[in-house]
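Hi everyone, thanks for coming. Let's look at one protein chain together, starting with a single side chain and then stepping back.

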Amino acid sequence: MIKIEQSSKSGINAIGTHIQVNLDKYEKSQKTDLIEAKKPLLDNKKIFIVHGHDEVLRYKLKDYLQNILGYPEPIILSEIASSGRTIIESFEEETEHAGLVFALLTPDDFMNDASMRARQNVIFELGYFIGKLGRKSGRVIVLVKGNVDIPSDLSGILYIHIDKGIEEAGEKIRKAIKAAIGGQP
């Protein structure tokens with residue numbers, strides 16, 4: 001029997017295979033197969049994917065997060081209807097729901113010296129999320145593909161290299177999520 005009780009002192013307790021709720025002297029009991037109660041991802045916040053032009057990599061990351069790790073569908077701005085909003089308005093509104101961010105730094109733009117850099121929108125959005133969620137929070141996970149020029153202001157941030165693909169880097173990604181949100185991803 002799972003027994004869930006709420007009181008002003010002890011909060012909620014759970015034990016067994018039934019749920020029993022006792023709030024203000026009203027009790028309800030319901031049979032359930034609930035094995036363990038899990039806290040929602042970052043208090044119901046969502047995963048946001050920042051990306052450049054590598055659509056295959058973007059879809060592989062989305063697929064990995066949803067189908068391998070079992071998280072809800074991530075927010076990908078380019079997949080959301082603008083509903084008459086400008087890009088920055090859409091970005092600002094959609095980022096309100098983000099609690100964990102993956103920034104895909106891929107070699108999309110050629111520089112004058114033949115080096116490659118990530119799209120400037122990716123760098124801008126990465127900086128935005130570092131400011132919004134906090135650099136030390138661990139909730140901004142940077143994935144780097146290839147030899148990409150990284151702005152010096154981002155020096156010292158740890159990256160996960162994904163040159164061999166998302167699934168190959170999967171254990172590192174899983175550990176980064178676990179460190180960011182705690183518990184088992």
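Please find Arg 85 first: its side chain and that of Glu 93 are joined by a polar contact of 2.7 Å. By polar contact I mean a pair of N or O atoms within 3.5 Å; within protein, one must be able to donate a hydrogen and the other to accept it, and residues adjacent in sequence count only if both atoms are side-chain atoms. Before I go on, this is a predicted model: local features need pLDDT of at least 70, side-chain atom pairs count only at pLDDT 80 or more, and totals for chains, interfaces and linings use all residues. Residues are numbered from 1 along each chain as its sequence is written, and side-chain values use heavy atoms, leaving out hydrogens and water.

Where does Arg 85 sit? You'll find Arg 85 in the loop between helix H1 (55–68) and helix H2 (87–95); helices here are DSSP runs of H or I with at least four residues, strands are runs of E with at least two, and both are numbered from the N terminus. A polar atom of the Arg 85 side chain also lies 3.3 Å from the backbone oxygen of Ala 81.

Is Arg 85 buried or exposed? Arg 85 is buried, because its relative accessible area is 18% (buried means under 20%, exposed over 50%, partly exposed in between, with a 1.4 Å probe and protein chains only).

Now over to strand S5, residues 46–50, where 4 of the 5 residues are buried. S5 runs parallel to strand S6 (residues 98–105), joined by 5 bridges.

Stepping back, the chain has 4 helices and 11 strands, and 36% of its 185 residues count as buried.

Definitions and conventions
Pairing = 2+ DSSP bridges.
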